Amino acid sequence: MSVFIQPIYTQVVGAGGAATVTFNNIPQGFMDLIIKFSVRSTSSDSGTNWVDGSGIQFNNTTIGSMTQLYGTGVGAGTGRGLSAMYMGVVNSNVSNSNTFTTGELYIPNYTSGIFKQAILDTVAEVNTANALMHSIANHWINSSPLTSIKFLCGNGSWAQGSSFTVYGVLNRADVLSPTAPTIGTITDQAGLLSVAFTPASNDGADSYKVTTNPASNTVYGAESPVVVPVTVGTSYTAQVEAVNSLGSTASNTSSAVTTYNNYSSIATMRVTSGTANSITFTNIPQHYQHLQVRAYSMTTNTNANICVNFNGISTGYARHELTGDGASASSYGNFNDSVFTMGWLSSTSSSTSPHVGIIDVLDYRNTDKYKTARVISGRDLNGSGGWVQTLGGHWRDYSPVSTITLSQITWSPGTIIALYGIG
Amino acid sequence: MSMYPIASYVVSGSSTTTFSFTNIPQNFTHLQIRASWNAQVNTSGNSAHMQFNSDSAANYSYHYLLGTGSGVVGGGTGGSNVILFSNYPWVSGSSSAYTASSIMEILDYSNTSKTKVAKISNGYDTGTGIQGSWMFSGAWYNTAAITSITLTSPGSGNYFTNSSRFDLYGISTSSATGA
């Protein structure tokens, strides 16, 4: 979209009204100005629907002249004034409620060293056969660049809700190539790259184009951040270009970031020979959202818990269990414990049937949360005993989980325990 | 950036007598319709007009100032069912298409404290001695935000001609005051 017409200032009159509305420090970088206004007076002019005498001043001077063409709804007329610039009539406070006069003031070449022409048209509607509309040619007999505009209500004040917006207009020759943005941080979102950037002030851009290295999809966006689909497991940098009809200007290149899959294997522990009395996952990456342990445990142990702790810490745990053994259901809870558990091995030993379990730890790296684990596990021995459990574990610590240790049983060959990260 | 294209309607065929811009986004401050359009006139009728939010009750007023090249005419009414945007005296039985260019603007269209007022500039010239420069105004005496605008061709049996084009724009404002 074009930047040829750009809003510069807006004023909306608040409660209590305003006798005048003034725009100061008008930027000198445009070719023309347009002021759109929607106004109403707080007063009535002898009880009529309109208030007359509203005027316009440039640079706080009172000089000006005008020629007007107007329609009344039942007729038309023309007139001339030689002492001031004129805004036409506006709806008074006795005209139809909530009804405001609509108008536009166009000032071409406002920074030039010649006298200024300002063309205005307004409509002041009422729900009768009569209404007033004006087309006015105003003349400011001054060759200075226009730096301020004042709108004066002819009788009373501008009512609450009266609005004025100043727009700057550029011609084609004035439009420049856009200014480059400043690249920010790019972050991995599991198969997506979020590219943040800061646009330059008044950069002249219609949109922003994001490209990556290595190349992936090219994505256009209206604002920061822009999300780009990428290939997981790949290191990327990104660059942002401000784009308009004359071309584009690129930012610097970002720092690199590697993207990870939404559900990826972190590490797998296998017992292939001998035994293991504990299994520990260390240096757990901190860029996932959640963790999951999937355990396939071969063990001949009986009447034992498979215990779990985080970060090598043996305090601050609570655990609760719901257990079914095929004949009855039971529950158990404990707090201020040194561990939580992944499951209980029953009194029946087996060297052939595994114990299986899944541990989910959500928000494992969130430093505003204690860590909660949800576990489902069990082992069925084909009528010789079995055990299914759903367990909850709670670690009263804000630390990110960087280590997970399973212990207190002896794992035999055939054991496979895997840690996954979830994006 | 301040002026954003919202929707365009380009007439296809020879049967469009009315159409609507609907679901108008509420995140702008003003609306503007810019139109280059023709009307095939088969019967004399009323003028091309607009309505808001499907309101066809007598909740409008309109007024106009017309220059014909040889005179100036003013007119209008309150208690209307429509807002006119062209009041050419369509000639019954005419098979010619007449060209008009229009800019219709509604400030503060989503402001629920204001009656909606339309300011319309309209002009046409047939090159046959039939021409006009119009200034229209209209008001919808309802403070509801405008969510749809319906435009209707002049009179029963008449229609907008093929390739007539109406473009709806949203106009934003500034957060700086310059006070």
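**Exercise 1.** Work out how much of chain B is buried and how its elements run.

*Solution.* Start with burial: of the 179 residues in chain B, 51% count as buried (under 20% relative accessible area; exposed is over 50%, partly exposed in between, with a 1.4 Å probe and protein chains only). Before going on, a word on ground rules: this is a predicted model, where local features need pLDDT of at least 70 and side-chain atom pairs count only at pLDDT 80 or more, while totals for chains, interfaces and linings use all residues. Residues are numbered from 1 along each chain as its sequence is written, chains are lettered from A and ligands numbered from 1 in the order in which they are written, and side-chain values use heavy atoms, with hydrogens and water left out.

Next, the elements: chain B has 0 helices and 13 strands (DSSP runs numbered from the N terminus; helices are H or I with at least four residues, strands E with at least two).

Finally, look at contacts (heavy atoms within 4.5 Å). Among those in chain B with a separation of 6 or more, 76% are between residues 24 or more positions apart.

**Exercise 2.** Find the residues that touch the most other members of the largest nonpolar core.

*Solution.* Recall what a core is: a set of buried Ala, Val, Leu, Ile, Met, Phe, Trp, Tyr and Cys residues joined through side-chain atoms within 4.5 Å. The largest one has 40 residues, and Leu33(A), Ile107(A), Ile149(A), Phe151(A) and Trp158(A) touch the most other members. Strand β7 (residues 85-91) of chain A gives the most to this core, with 5 residues. Then zoom in on Phe151(A): leaving out residues up to four places away in sequence, its contacts include Val21(A), Ile35(A), Met87(A), Leu105(A) and Trp158(A). There's also a second, separate core of 37 residues, with Ile24(B), Phe52(B), Tyr64(B) and Ile106(B) among them. As background, nonpolar side chains tend to be buried together in soluble globular proteins.

**Exercise 3.** Describe the contact between chain A and chain B, then trace the salt-bridge network around Lys36(A).

*Solution.* Size first: the two chains bury about 3,400 Å² between them, 60% of it on carbon and sulfur atoms (the accessible area, with a 1.4 Å probe, that two parts lose on being put together, summed over both). Chain A puts in 51 residues and chain B 44 residues.

Now the charges: 2 salt bridges run between the chains (a side-chain nitrogen of Lys or Arg within 4 Å of a carboxyl oxygen of Asp or Glu). Lys36(A) pairs with Glu105(B) at 2.5 Å, N to O. Lys36(A) also meets Glu104(A), again with 2.5 Å from N to O. Lys36(A) sits in strand β3 (residues 32-39) and Glu104(A) in strand β8 (residues 101-107), both of chain A, so this pair ties together parts 68 residues apart in sequence. Put together, Lys36(A), Glu104(A) and Glu105(B) are linked in a network of salt bridges.

**Exercise 4.** Is Lys369(A) buried or partly exposed, and which residue does it bridge to?

*Solution.* Check accessibility: Lys369(A) comes out at 38%, which counts as partly exposed. Its salt-bridge partner is Asp363(A), with the closest N and O atoms 2.4 Å apart. Asp363(A), by contrast, is buried at 13% relative accessible area.
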